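Hi,

Here is the structure you were waiting for. My notes follow below it.

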Amino acid sequence: MVGCALPIQLAAMGGVGTTELAAAVAAAGGLGMVPAGTEPSEPMCGVNFLMPFNPSLDDIAAAARTCRVVEFFYADPREDVVSAVHGAGALAGWQVGSGAEAAAAEKAGCDYVVAQGTEAGGHVRGKLSLDDVLAQVLSSVRIPVVAAGGIATAERTAEVIRSGADAVRVGTRFVTSPESAAHPIYVRMLLAASAADTVLTEWFDEGWPNAPHRVLRSSQVAAETSGWKAVWPPYRDVDRYPGDMAMYAGMGVGDVKLSMPAAEVVADLVRLL
């Protein structure tokens, strides 16, 4: 549907997602994604909008004129938003946390949905594990479904594809790729972490309240001491020590032991399909 050779979608990660990273994933056969405000490198990449920050329909339409896919997260699906995407010639997707939200996205006209489990790094929409929410979403919609949340290995990729997902969405593993803009300290801490080192919290809530997010526990502990609450993760060239910034990490982080170029990550994720 989106022109990919492989069923891999890069998660669009604010602060660390780059044009270079999206282009590398796309060149390797996946769907590269960038956060809103970052220019997509090519038409086959996509743009993600965070709805709590109230993007305008004009900005959404402008993005849809430059790429194949425009995706949305963290709000009830809206027909006017989807229409703006379709009117500009792109496909519309919505990341959801339940079967009911997925059904609403389909009703609003979305071309696909992303079913996100609580294992995901970053902001988490629902309350179910990936296996549970994927089953719920698959039974609720007829449009394609991408699985997201803690996916970091070829084994897990194959497992969720066998369960009925049309593709998988991966974030944490790509954060450690050299094409990302993640701060070296952030990358080093991800490579040393396990699933038990992550926590679902609402601490980093500046400008985005009441939105649970999964981070490395050590970054939350440091932030509770310093009082830092900003939602941005540690990025290269940040002008402060990054230890108390939001180090988003999914529960697949324990399987991420090496920093690999994005193309190699894509190839590894699909090797059992």
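Strand E1 (residues 8–10) pairs with E9 in the parallel sense, over three bridges. Strands here are DSSP runs of at least two residues, helices (H or I) of at least four, numbered from the N terminus. Two strands pair if DSSP finds at least two bridges between them. In that pairing, isoleucine 8 stands opposite valine 168 in E9.

This is a predicted model: local features need pLDDT of at least 70, side-chain atom pairs count only at pLDDT 80 or more, and totals for chains, interfaces and linings use all residues. Residues are numbered from 1 along each chain as its sequence is written, and side-chain values use heavy atoms, with hydrogens and water left out.

E9 (residues 167–170) also runs parallel to strand E8 (residues 145–148), joined by three bridges. There, valine 146 stands opposite alanine 167. Both faces of E9 are covered. Ala167 and Arg169 are buried on one side, Val168 and Val170 on the other. Buried means under 20% relative accessible area, exposed over 50%, partly exposed in between (1.4 Å probe, protein chains only).

Now a second sheet. Its three strands run in the order E7-E11-E10, open and antiparallel. E7 and E10 (198–201) are at the edges with a single partner strand each, so one side of each has no neighbour in the sheet. Four bridges join E10 to E11 (residues 213–216). Threonine 198 stands opposite leucine 216 in E11.

Finally, histidine 123 sits in E7 (residues 122–123). Histidine 123 counts as buried because its relative accessibility is 8%. Beyond neighbours within four places in sequence, its contacts (heavy atoms within 4.5 Å) include Phe73, Trp208 and Tyr248.

Best wishes
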